[in-house]
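Here is a short note for someone opening this entry for the first time. Please keep the structure in view while reading the points.

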Amino acid sequence: MRIKFALAGALAALVAAGAVQAQDFKPRIVRFGYGLVDDSNQGRAARFFAKEVEKATGGKMKVRAIGNASLGSDTQMQQALIGGAQEMMVGSTATLVGIAPQMALWDTPFLINNTKEADALLDGPVGERVKATLEPKGMVGLVYWENGFRNLTNNKHPVAKLEDMNGIKLRVMQNNVFLDSFKALGANAVPLPFSELFTALETKAVDGQENPYNTVLSSKFYEVQKYLTVTNHVYSPWILTVSKKWWDGLTKDEQKVLMEAAKKSREFERQDTRAEAAKALADLKQKGMVVNELSAAEADRMRAKLTSVHASVANGVGQDLWKQTQDELKKLR
Ligand code: TK8
């Protein structure tokens, strides 16, 4: 019995190796850039993706996962992809809005309530439709990863009510929806690339920022930020993108391998991110951060201010996409 299984296993391995050889793979190096540190959910998933691709191509395609924004900030890498100087990256959809305006859909405050809604919306027809707007701009979107629900940190005082936002100099992503949202809350919103954020916090050029727990932890923002307010004000996706110039030169087999590895990495990344997020708050408290939850009444007041941004997002992304999104969400709720 055991021998039979061993034989079957060996046979399966041979067939798999043969299948890899029979496919059309060329020796290639893929520079895959990202903004966070190596030891982050982004870094772990990038390395997972790299391994999957190497395995599936029998080592022909080598993916170099390069973090810390060493290849540039999100927007710089996007330009490198468009020009064909870099093959691949992962970053926030929010930094793509200047190139693909419909990406602003994901910046809508309180659009998505939980991860079940996030997965269904992003992996469904709405997510596909938004992703497809990248192609005419010179990039191909593969899959969405989870950045996560964003929360507020600052170094001035705990934010317990709406008025506490007044005068906080808050770094936001380079994106008008984020700028408008935090202006509406009364903060002094300053757009900055993520790669400059730690230094800006450290030198007190800004007082605060907003990001998921995972990033506050991996980027060590707890070293330079005292207060964390649980706001969950928006669900932020990351998106894996490749240079269209490069993609169009790949064989069909290569494109298929990349797409399949991307889908596997999506499952890995979301699980890993959610597991880390579930215990991150306790870790951050232990590192000395003072954490507060908003009272229901104050959360409602902030929500009311932020939903005022919805009409402008709807106009920006188009009423048709906005309506499709609302319809999909209704079905999910
Ligand atoms: C990483 C960024 C980051 C984002 C931000 O490059 O800029 O605050 O949340 O994840 O894309």
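1. Start with helices H2 and H10. On the H2 side, the contact residues are Asn41, Arg44, Ala45, Phe48, Phe49, Glu52, Val53 and Ala56. They meet Val257, Leu258, Ala261, Ala262, Lys264, Ser265, Phe268, Glu269, Asp272, Thr273 and Glu276 of H10. By class, this contact holds ten nonpolar, three polar and six charged residues. Bear in mind that the model is predicted.

2. Now the geometry of that pair. H2 covers residues 41-56, and H10 covers residues 252-286. Their axes come within 9 Å and cross at roughly 150°. Angles over 145 degrees count as roughly antiparallel. H2 and H10 are therefore roughly antiparallel to each other. Their crossing is right-handed.

3. Turn to helix H13, residues 319-332, and its contact with helix H12, residues 310-317. The two axes come within 6 Å. The crossing angle is roughly 120°. H12 and H13 are therefore oblique to each other.

4. Which residues of H12 and H13 meet? H12 brings His310, Val313, Ala314, Asn315 and Val317. H13 brings Gln319, Leu321 and Trp322. Five residues of this contact are nonpolar, three are polar and none is charged.

5. H13 has another partner to check: helix H4, residues 115-123. The axes of H4 and H13 come within 10 Å and cross at roughly 135°. That angle makes H4 oblique to H13. The crossing of H4 and H13 is right-handed.

6. Lys116, Glu117, Ala120 and Leu121 of H4 meet Thr325, Glu328, Leu329 and Leu332 of H13. The contact of H4 with H13 divides into four nonpolar, one polar and three charged residues. By contrast, the contact of H12 with H13 has no charged residues.

7. Next, the ligand. Which residues are around the ligand? They are Gly35, Leu36, Asp74, Ser92, Asn147, Arg150, Arg171, Met173, Phe194, Asn211 and Trp238.

8. Look at three of these side chains in turn. In Asn211, a side-chain N or O atom is 2.7 Å from an oxygen atom of the ligand. For Trp238, the distance from a side-chain N or O atom to a ligand oxygen is 2.9 Å. Arg150 places a polar side-chain atom 3.0 Å from an oxygen atom of the ligand.

Key
Residues are numbered from 1 along each chain as its sequence is written. This is a predicted model: local features need pLDDT of at least 70, side-chain atom pairs count only at pLDDT 80 or more; totals for chains, interfaces and linings use all residues. Side-chain values use heavy atoms; hydrogens and water are left out. Axes are lines fitted to C-alpha atoms, for helices over the stretch in contact, and angles run from 0 to 180 degrees between N-to-C directions. Helices (H or I, at least four residues) and strands (E, at least two) are DSSP runs, numbered from the N terminus. Angles under 35 degrees count as roughly parallel, over 145 as roughly antiparallel, 65 to 115 as roughly perpendicular and the rest as oblique. A crossing is left-handed if the near helix is turned anticlockwise from the far one by less than a right angle, and right-handed if clockwise. Contact means heavy atoms within 4.5 Å. Ala, Val, Leu, Ile, Met, Phe, Trp, Tyr, Cys and Pro count as nonpolar, Asp, Glu, Lys and Arg as charged, and the others, Gly among them, as polar. A residue is near a molecule or strand if one of its heavy atoms lies within 4 Å of it. A polar contact is a pair of N or O atoms within 3.5 Å; within protein, one must be able to donate a hydrogen and the other to accept it, and residues adjacent in sequence count only if both atoms are side-chain atoms.
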